[in-house]
Amino acid sequence: MELYFVKLWGTNLMNVPIRGHLFFPKKLNESGSLVNSWYFENLTVPPVRRFYIMRRKICLDPRTARTFLRWLSSFACRPGPDGSLWQNKQTRSLKNKINTGKSRRQPCPAVLDHFDQQYSEELGDLWASARAVLLDPPSWQYGVMLNCFSSVTDITQILLSQGFSSLLPQTDVSELLPNNDSAVSNSPRHEGKDTLSPHFSKRPPGNVGLLPYITSHAFSQAHQSERPPKFPPSSLQCYIHPHPLRFPSQAHRPGQLKQYYLLNAASLLPVLALQVRDGDKVLDLCSAPGGKAVAIMQSATPALLCCNEPDPHRRDWLAKTLESFLPPSLSSRVMVSAQDGRFAGQSEAGFYDKVLVDAPCSNDRSWLHSSDKLRGQQRLEDRARLPELQTQLLRSAISAVRPGGVVVYSTCTLSSLENCAVVEAVLKDFPDAEVENLWEEIALPLSKYFAVISLPGQKQTEPKPSLHPVIGSASTSHHKLGILVLPQPGRTWGPMFLSRIRKKG
C-alpha cells in the first residue's frame, strides 16, 4: 500500500506513520503540494491550508492516525475559495504555530545601550554571549508543561516523537487528582456568578561578584569521582527540546481544560524552590498571568492557593488561565484576590506556609525589543522605580509567612539592582530571616540544562564571571543571595533570578 508521510512547511509534524491513505489528492502542483481538499477515510482534515508531502512506503501503526487527527483538529480553519482549507484569521497560521524561528525583531537602541552599559559591568565577559541570545528571538527555546488534570498521553507521544525530553524525573501524578478523579480534559465547567472566574473564589481587595556556572562536561572533568546531584522526582511534567522548536499553543475553550502550557522552562525554578507540599497554605503574591500558579498545582495539593493580582486586566488574564488548566473540583482550594501586594503582610501576617513573589520587573527579553524609542525610554524610567516596589513586595511577603515558612523571590531580569540588591536590603529589616542555599539543590542537579551563576552580594569583591568550572567546594560558600539563570547559546533559558528566604521559627 502506498502511503504519504506528512510534512508541514518543511517540518515533520509527526515522526510516525499514518494508517491508510491520508488523503486522496485531486490536484498536485509542480512542487508536489496539494492545492485543494483532501480526506482521510472520508473525514475532512481541517487544520491546514496545504501539505508538503513525500511519497514513500512506510510501516503502519493503527494507533497513530487517531492521535494525529485529534491533535490537528484543535486548530480552527475555514474553507478557502479554491476548496482548500485555510487557517482561521483569528488565530495565527499553523506555520507560525510550529515555529522553528525565521523572523527577527529589531531591538530598541536606547534599551540596548542601557543594557550594554550595565550588564557589561555586572557580568563581564558573560554579557557578550547572553546579549547574543537576547538579540536573537528565533534561538529561544520553549518548554511544554503538561497539565496533570487533563489527558496528555497523545501529547506526550507527539512531544517524544519530535525530540522533546523530560526536564525533571517523574513521580506518579495521579496522586494530585482530587478525590482520585481521572483526567478531565473535556470535563464541563460549573457555571458561577463570579465574573472573575466561573469556578474560582474571589477575595475582596485590601487597602556582584558572580560564580561561574557549571556545564555538565566541565563538571565531569573537574570532578572525576563526582557527579552532579540528581534532582528529586517531581509530579511536575515539563518537556524541553535542544533546539528552538516552539510547540503550537492551544486556544482557550470554555468548558475544556488545556493539555499543556508553553513557557520559558527557567520560570519553573522558583516553583521548585518553593517546595510546596500537600496541605500547605500558599500565596502567589504577583500571580498573573498564572503560569506559576498552574505549576504549583501540578506539584502538590495545597490546602489553599491564593493567587493575588491587583490589576483588573491582568487579573482577568489570570482567571482565564486558571479556568483553562484547573478542574472545578479545586475551587475550594484556589482563590483569586485583588489586594495590593505591598500590604498583604499587614492584613495576613504570619498566615501562609509558602509565599511566592514573582515580582514585576524589567523583563529583559521583552523590554529589549520595545516597539519604538518612546516606549523604550518610558520603560527605562520605569526600570529605575522598580526596586522600591520590589522591596516593598518582598517585605510584605516575609511578614505574611509564618515562622519557619518560606518566601521565594524571583524576577526575569539580569539586573542586580532588582535581584540581589533587593534581597540584601530586605534582609536588613528582618534579622529573623535567612537566605537558603539553592546552588546544590537546584543549580547543580539541573546544570545540564541551565547556565547558572551564583550571586553572593553587592558589596563583596569577587572575580569577573567566566565559563570555567568551579573547583572543590567553592560553590557551597557563594550561595548567599540567590542564583541567576543566564541565557547562553544552546541553553537559551532565562533570565531568571531566584532567592529563597526562610523565616526562622
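**Exercise 1.** Describe how helix α3 and helix α12 pack in this predicted model.

*Solution.* Two packed helices are described by the angle between their axes and the distance between the axes. Helix α3 spans residues 109-123 and helix α12 spans residues 373-400; their axes lie 8 Å apart and form an angle of about 35°. Next, identify the residues that make the contact: α3 contributes Ala110, Val111, His114, Phe115, Gln118 and Tyr119, while α12 contributes Gly376, Gln377, Leu380 and Arg383.

**Exercise 2.** Determine how many residues the largest nonpolar core has, and what a second core includes.

*Solution.* The largest nonpolar core has 54 residues, and Ile442 and Phe450 have the most contacts inside it. A second, separate core comprises 49 residues, including Leu112, Leu304, Tyr409 and Cys420. Cys420 counts as buried because its relative accessibility is 0%.

**Exercise 3.** Locate Leu135 and decide whether this residue is buried or exposed.

*Solution.* Leu135 sits in the loop that runs between α4 (126-134) and β8 (143-146). Buried means under 20% relative accessible area. Leu135 has 18% relative accessibility and therefore counts as buried. The C-alpha atoms of Leu135 and Leu112 are 9.2 Å apart, with a sequence separation of 23 residues.

**Exercise 4.** Classify Cys148 by burial and state the number of disulfides.

*Solution.* Cys148 has a relative accessible area of 5%, so this residue is buried. A disulfide requires a pair of cysteine sulfur atoms within 2.5 Å. By this rule, the model contains zero disulfides.

How values were computed
Residues numbered from 1 in each chain as written. Predicted model: local features only at pLDDT ≥ 70, side-chain atom pairs only at ≥ 80, totals over all residues. Heavy atoms only, no water. Helix = DSSP H or I, 4+ residues; strand = E, 2+ residues; numbered from the N terminus. Buried < 20%, exposed > 50% of the residue type's maximum accessible area, 1.4 Å probe, protein only. Axes fitted to C-alpha atoms, helices over the stretch in contact; angles between N-to-C directions. Contact = heavy atoms within 4.5 Å. Core = buried A, V, L, I, M, F, W, Y, C linked by side-chain atoms within 4.5 Å.
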